[in-house]
Amino acid sequence: MMRCLWIGHHLPFPMHEGAKLYSGKLALAFSRSGAFVRMLGFGGEAPPAEHGERIECISVPGVRRRAVTGLLSSMPLKAALDATPGYMRLLERQLAQPWDVIVLDNYSAGWALDRCLAHRKVGGNAPVLVHVSHNHEEKVWSSMARHASASIPHKLLLWQNHRKVSRLERHLARSVDLLTTITDDDARSFRESRSRGPILTLTPGYDGPVVASRTITTDTLRRAVIVGSFHWIVKRENLARFIASADRLFAEHGIELIVVGDVPQDLRSSLEASVRATRFTGFLSDLGPVLSQARIAVVPELIGGGFKLKFLDYFFARVPVATIGAAAAGLPLELRKELLTSEDFDGLARVIVEQIDQPDTLNRMQEKAFALAQSLYRWEDRGSQLARAIERIRHDETAGRTQQSPAAMTPAQEL
């Protein structure tokens, strides 16, 4: 059984937000392909019981560093806050054991890269190093620094973090044996800093609730819905800017906007003070009722890259999707054709107003998107793809060591 050490930010269980969902589902799928996976990270819970023999989680002792410490570090803020003495000691204990694979999950795990590279030089069989990226972070932070509506000091901090992210991410891309991305666009961006070595695109899979059939009618509530977790600065910015564009227009046309998910209290309070059409529900464990009553789901992602996991929740719930064109770049072209898109938030709000009373169009969109997504997004495929890519690298390295070793000599030849 292949043994894998998985170094992450937070332990992904429970999987209630995009980054945790991708990490957790990919690790579970990889374990089902025949690997044993030990995951390290802050907080979290044990993995689902049915996977107990194949995957385990170890929570990092203590808490992350304070933000001020991270600002003074040469590493990006997220990585600097994770690099605690407790995490470093935990990593050392794990590196004393034999591993076939070490996964650095997300750029925040880059704090452990140099230690893992040094570990490879000691002993016999060196583990395969894999970086599981969630975005091309250099592009994400560049976009954030350019477009964020922030004070000048805040803008300077964003640019500073962008430079740190760029430096660490390029180091990761050049150093690992295998780099995985969520979209082909990210793979092309990484190729600029990773001139050699495999890059594997692992789009997300889906194994959540599936609505077998649905028809949107004039009796369906004139409602748009946004589902997500909005603690990350990029998510906060996108949500606030979309509501600023859409709320007044929606109120004028009698359209309700429902925001489902964990919104930080300071952001929620500031938004609720001025909105007319928007309502916040907080976190809901069952999205079925709210999605079944919506005519359109919105992915308001003007800033940030990567694949938007909420697309899959909406496709399989048979809710038509409206989004920014750039946010849909990770989808195949045939799926992108089944979305309502615009290039900015003002345009996106207008498109929703124009289409929300067109049930025939909305039903055609949700039916085609559902049919396409069914064949494209399977987690078990992603686990086996990752396992095969790692096995190829292990095979090539073994073959290379064999070729570099002196040929075996018979006793006669030795004489």
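Two strands count as paired if DSSP finds at least two bridges between them, and the legends below use the word in that sense for a predicted model.

**View 1. An open sheet is built from six strands.** The strands lie in the order E10-E9-E8-E11-E12-E13, and their pairing is parallel. Strand E10 (278-282) and strand E13 (340-342) form the edges, since each of these strands pairs on one side only. If direction is ignored, neighbouring strands of this sheet are turned by 25° against each other on average.

**View 2. Strand E8 pairs with strand E11 within the sheet.** Strand E8 (residues 223-227) and strand E11 (residues 296-299) run in the parallel sense and are joined over two bridges. In this pairing, Ala224 stands opposite Ile296 in E11.

**View 3. Helix H9 packs on the sheet.** The helix touches E8, strand E9 (256-260), E10 and E11, and the direction of H9 makes about 155° with that of E9.

**View 4. Helix H9 meets helix H10.** Two packed helices are described by the angle between their axes and the distance between the axes. Here the axes of H9 (residues 233-252) and H10 (residues 265-272) come within 11 Å and cross at roughly 5°. Because angles under 35 degrees count as roughly parallel, H9 is roughly parallel to H10. On the H9 side the contact involves Arg236, Leu239, Ala240 and Ile243, which meet Asp266, Leu267 and Leu271 in H10. Sorted by class, this contact of H9 with H10 has five nonpolar residues, two charged residues and no polar ones.

Terms used:
Residues are numbered from 1 along each chain as its sequence is written. This is a predicted model: local features need pLDDT of at least 70, side-chain atom pairs count only at pLDDT 80 or more; totals for chains, interfaces and linings use all residues. Side-chain values use heavy atoms; hydrogens and water are left out. Axes are lines fitted to C-alpha atoms, for helices over the stretch in contact, and angles run from 0 to 180 degrees between N-to-C directions. Helices (H or I, at least four residues) and strands (E, at least two) are DSSP runs, numbered from the N terminus. Angles under 35 degrees count as roughly parallel, over 145 as roughly antiparallel, 65 to 115 as roughly perpendicular and the rest as oblique. Contact means heavy atoms within 4.5 Å. Ala, Val, Leu, Ile, Met, Phe, Trp, Tyr, Cys and Pro count as nonpolar, Asp, Glu, Lys and Arg as charged, and the others, Gly among them, as polar.
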